[in-house]
Amino acid sequence: MLRKLSYAALIAAFAPAAYAEEFTWAVTTDPQTMDPHAVNSAPVLGFLNNVYEGLVRRGQDMAIEPALATSWELIGAGEGWRFNLREGVTFQDGAAFTAQDVLFSYERAASEEADTSSWFSPVSEVVVVDDFTVDIMTTSPNPIFPDSIANWMIMDSGWAEANDAVRPNPDGNYATLNTNGTGAFSITNREPGLRTVLEPHADWWGEAAHNITRAELTPIQNPATALAALLSGDVDFINPVPVQDVARLKNHANVKVIQGIEARVIMLGFPHEAEALKYSAETTQANPFADPRVRRAVAHAINVPAILQTTMRGTAEAVNQLVSPAMRGYSDTLGGEAVFDQAAARGLLAEAGYADGFSFGLKCPNDRYLNDEAVCQAITAMLAQVGMRATLDAMPVQNYWPELRADNYDMYLLGWSPGTFDAEHPIRFLASTPNEEKRLGSWNFGGYSNARVDELLPIIQSEVDDLKRQAMLDEVAQILQDETAYVPLYVQPLVWGARANIDLVQRPDNFFILRWVTVN
Amino acid sequence: MLAYIIRRIVQSALVLLVVGLTAFSMFRFVGDPIDNMLGQERTAADIERLREQLGLDQSFPVQYFKFLQEAAQGNFGMSYRQGRPVAEILMERAPATLELAAVSGALAIIFGIAFGVFTAIRRNGFLANFIMSASLVGVSLPTFLIGILLIYIFSVELGWLPSFGRGDTVQIGGWSTGLLTATGLKALILPSITLGLYQMTLIMRLVRSEMLEVLRQDYIRFARARGLHDRAINFRHALKNTMVPVITVIGLQLGAIIAFAIITETVFQWPGVGLLFINAVQFVDIPVMAAYLMLISVMFVGINLIVDILYFFIDPRLRVDRAGGH
Amino acid sequence: MSDTVLSIRELSVEIPTHTGIVKPVDGVSYDICAGEILGIVGESGAGKSMAGNAVIGLLSPPAHIAAGEIWLNGSRIDALEGEDMRRLRGKQIGMVFQDPLTSLNPLLSIGDQLTETMLTHLDISRGEADRRAIAALEEVGIPGAAERIDSYPHEFSGGMRQRVVIALALCAEPSLIIADEPTTALDVSVQAQIIALLKRLCRDRGTAVMLITHDMGVIAEAADRVGVMYAGRLVELGAVRDVLTAPQHPYTHGLMASTPLASQGKARLHQIEGAMPRLNKVPEGCPFHPRCAYARDKCRVAPGPKIADGRTACWFPLVAEKAS
Amino acid sequence: MTDMPLKPAQQSRLRIFLDSDIFYMFKKSPVAILSTIVVAILVLSAVFAPLIAPTNPFDPASLNLMNGFTGPMTPNAFTGDSFLLGTDDQGRDVFSTILYGMRVSLFVGVAAVLFAMVLGITLGLISGYVGGWTETIIMRTADVQLTFPSILVAMLIFGVAKGFTPVEYRDQMAIWVLILAIGLSDWVQFARVVRGATLVEKRKEYVEAARLIGRTPFAIMLRHILPNVLSPVLVIATISLALAIIAEATLSFLGVGAPATQPSLGTLIRIGQGFLFSGEWWILLFPAVTLLVLALSVNLLGDWLRDALNPRLR
């Protein structure tokens, strides 16, 4: 006791030293809510991972590891999963964590009001076995279920009930601004759009690897301002660093760049089902993109290495399928992809009856992906060189999705990051024939449809054997490539910038995990 | 005067109604808020459900009427993005913008009038001509570029001033002020220069031309013929008369400052209502956009009213004309 | 003369323009004694106001005094600049402008404008200045001066305002008043009152007055002597009675003939052929010769003789019978 | 005082102009001469951009992405191509892009000012001439417009216009919407000046006389009013032109400007500011300097015109 006291006195005496452990970081988008079930978006979930925890979590290598559950196993032949919960965990308000909170969080996150309900579509029932054991039953065997709930965060049932936040509400409720998780940090001050202040959760169950005493998140939209803030030392960390500034930052003594490959694949999409082009000056009666040869011509026409070299400054990697190599289920066997070859592109176009080319409209967001507008501009130029004359219409993302939903495009740019880190994810959302009931193909704007892909998906979803599963994933990847359903371009890079005295860990899902940060 | 003010207020109310209508009709074209509120695993049914919940499925007149009804009671609804009452958010953000606007407004007015008077009195002097020409540089570059260049020079290269934000703030009542802390004051410098430069130039040029106009008036010649000191002529006689038309414009410029703050706040990440508005546009946060435009209009109307009332104190002719009920 | 207040000798004012130098005042000489009213008459553009402005040092650049001398109460003032000149204005030379509507600062009360002037020039207290301001207003015939001291210019009628202007010009008790068209902007009914006022005040105080006007009637009413200006030159100078009844310069003659007052009883008004030349096109010789019915060869080459002791700058002055 | 006798046959219009005060003042002002020359050079090079520019940056097929980020006068590492002012992120020749971008900026600026001028003059004439309710409505609208910041007005119009434009035309409409938006936020000054002049003119006898002999005074007034308001309108137009060019740049920054495939100077600056810290300074610097020089010369010219055309300030 006495020793503890003198230690505290020592800290107090060197109070200014504590400032060194203050950490400020800037992101482009402020997490729009503090409710872990209200919005299923990377900025929200990524940030809340520091405050709330799930039954499982991802480690530095993206592998699933125990969090609030210490272990889990398949029940029987795959009727469900049993999770053994960690004991002695307390929420930040002091309440104890029990199986009731897991059940409550399931009901909350799977409710109609929640944006996370799709995670639980395979779940038939959640059964509380005892205070620290929970069975999650699935409608069919689900080998990747633990992978799919890494972002399912557990909320204290008592706290939610006391504060009238039993269900998420897009109009906002107590949980929109306040938090009570089991995570390593608790929020002490939240001013939306301005700052969010975090302090370590004193009673956290884990071993703290960080040395932060206070952390502050500030949204800075303008990339130049964010960069200036990092260079001038006003913030310790920014995400993202504009790719063009990477080279310069690397030479900067006080700043370092942490680079990696993100899970997000950037691709071009087509109107498979459209009768005719919407924005063509001459080809108004036909839809050239319905012809796989034309789509393949597009793939041949685009000089991806040049885009990577110039626009992405060597930070991105080319990819030939809808997921990046870091994802589970990535197909290594895929072959025969279209490489940059303008002659081949012209040949295919001529073969398809478009020897003179045609004009069309390319839609592109201008604030969604890294350098999205610049990439689209480059693509416009490259396609023009083989006779496909695109008119580029770049717009903010809030106009972009409605346009795509209204089928106002002849070609579009899309980025996809699989929330499950599994190759099944893009098949479900981008390659399945759209089906509202089954929640399939909800981002398949062009209505691409292939019977074999539709047939394989449910089997992939329930196959427990990894080898068999991979074979089916390989088959789907090959079909999508052969038909050029999409033209995958590259995997978007992760580029973080930090002051030289900061140690941190970059995870491919672009989540910034505060408990891995050390201020030197 | 009371009748006059009442007439102005009635006119203002009409203006507000028109602004509200225009603003509201605009939002339908800004984009769709739904996509920003739902994640990537949403379905078409989710979209429809949320649309219904937000009342976006109703017809435009119905939406507008509801908006007016609520707005009249000071209720601007809940922000789609933050899930909090819009009025509360605006109140929280307003001090930042008002302080920035006040400081840059003060800079613009003080330097604008000083330079304007100087260049008018020393009409053909070298320094006056230099100031006149140099001031044009300030209006020949877009504000955002000036801001970025200032950041580049003073924050990144020289490291003297913070590159973004408001520094530390102190809470006084419901008002958060950055004027009482060293970091807060330092943080104010670059944004207020960026914001005030353009207005300063306008005010300076206006003061100069009005002052030149006044200086050739008979009463100035008469004052000169009476042997009054130059100081008295320039400041007591000329400047006071110059201020009559200048005050209107300054009033309008103050309004413009608040609007131009949108750009400055974006560049400097200044946590005011302008940044809030830009974010709201980005996320199609319709209640926030509507409330912002209403707030801005109310402010303009208020400023205009204040300008009108100021006239009564500056110009005795109006006192008689209007109070006398001519 | 010991009581000469203002003495102008060979005064020339020049304005450089891109089409050449213009001389709105060209070699003009005259004196004004204490208590005397000298009328200066001429068409607009003849240079009469410019001469007045030169005396009080209010020529607006680039107009400037190019030659000649101006003496005030025995000291030469044409070369004075800045502060020295300012001290003279108001204190020794008062000025009354044409338009009382614009001569007064609309934003200051007349009391303020009066006390301000007095405090600038006289070593008196604020209270004393206030008292004198009321007295000055009373003197110029403003009824209820004490109450109206805080009124603003727009609350007065034109005639009343001109009274205020006169009070302002006289309040520091200058020895010379330059009245530049003081009645032109006023109603005819008020004109006579203002002239009478000006005349009375100056007689009482022994102030010299330079009364600039284009109105022969005003001259006849108020002035002791009159100078006639044409194209920047003084063409005739003499006692009012003499000049009006027997003009010696053909221009003066024409001017008289075209003035209703001077041609009473005549069937119709005369008109002088042509127009006064633009100041940058003043002809050689006597400037009036192109319009002069009596011009001879000499008039076309030599500018008229100087008015020294004589009356006119005409080589061939008209004799009396021609003038009637 | 009448004018000196003229012999009209010998006085060519050019001669009259060359003898005029305004030309004299022009000759005496180095600033005016210099800015006129600069504006003339810039306008001419914008107009003749296709003849001057080494490449056509608006033709996507001509671009080579590998040429991107080439520094001024240094050969590209991959292609060996060299560019006077370097290239931007798309491999576009910055010099050519500036020329073409200036074309867009000047076109938007001039068209917006012309639009504002025509609208302002028309509304000013109508409100001055018709009076009554029409005048109240027009001038009240002007007040509102004046209190409401132009940048917001422009954003508003941009938003609404985008919604009304059929999807097929949305690509080309950005420029026209910019013109509309900037023009609509700029007409008030013109209207005020013209209305003032109309009110003065309306009271003159000849208008009454024209009415009495049964002619519509409107046409006559037009002929009398327009010359009277010519100088203020010219001054306002010049200064508005500079403002319009800057406004276009600002709107581009806020993302409602000219499209990146056919960039204006403002769009170029928006693109270039992203490369300020990364060392590719030429992408920002050259368009920014061009904009500065252009706007500054126009402003200086406007300034000089204001002084020169205002005889009271001479």
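**Close-up views of chain B and its partners**

**View 1. The contact between chain B and chain C.** Between these two chains, 21 residues of chain B are in contact with 25 residues of chain C, where two residues count as in contact if their C-beta atoms, placed from the backbone, lie within 7 Å. This is a predicted model, in which local features need pLDDT of at least 70 and side-chain atom pairs count only at pLDDT 80 or more, while totals for chains, interfaces and linings use all residues. Residues are numbered from 1 along each chain as its sequence is written, and chains are lettered from A and ligands numbered from 1 in the order in which they are written.

**View 2. The helices of chain B that face chain C.** At least two residues each of the side of chain B that touches chain C come from α9 (218-225), α10 (230-268) and α13 (316-323) of chain B; helices are DSSP runs (H or I, at least four residues), numbered from the N terminus. The most is given by α9(B), with seven residues. By residue type, this side of chain B divides into nine nonpolar, five polar and seven charged residues, with Asp, Glu, Lys and Arg counted as charged, Ala, Val, Leu, Ile, Met, Phe, Trp, Tyr, Cys and Pro as nonpolar, and the others, Gly among them, as polar.

**View 3. The two domains of chain B.** Chain B is assigned domain 1 (1-32 + 284-326) and domain 2 (91-271), with bounds that come from an automatic or database domain assignment. Their centres, taken over C-alpha atoms, are separated by 23 Å. Where the domains meet, 10 residues of domain 1 of chain B are in contact with nine residues of domain 2 of chain B, and the domain 1 side comprises eight nonpolar residues, one polar and one charged.
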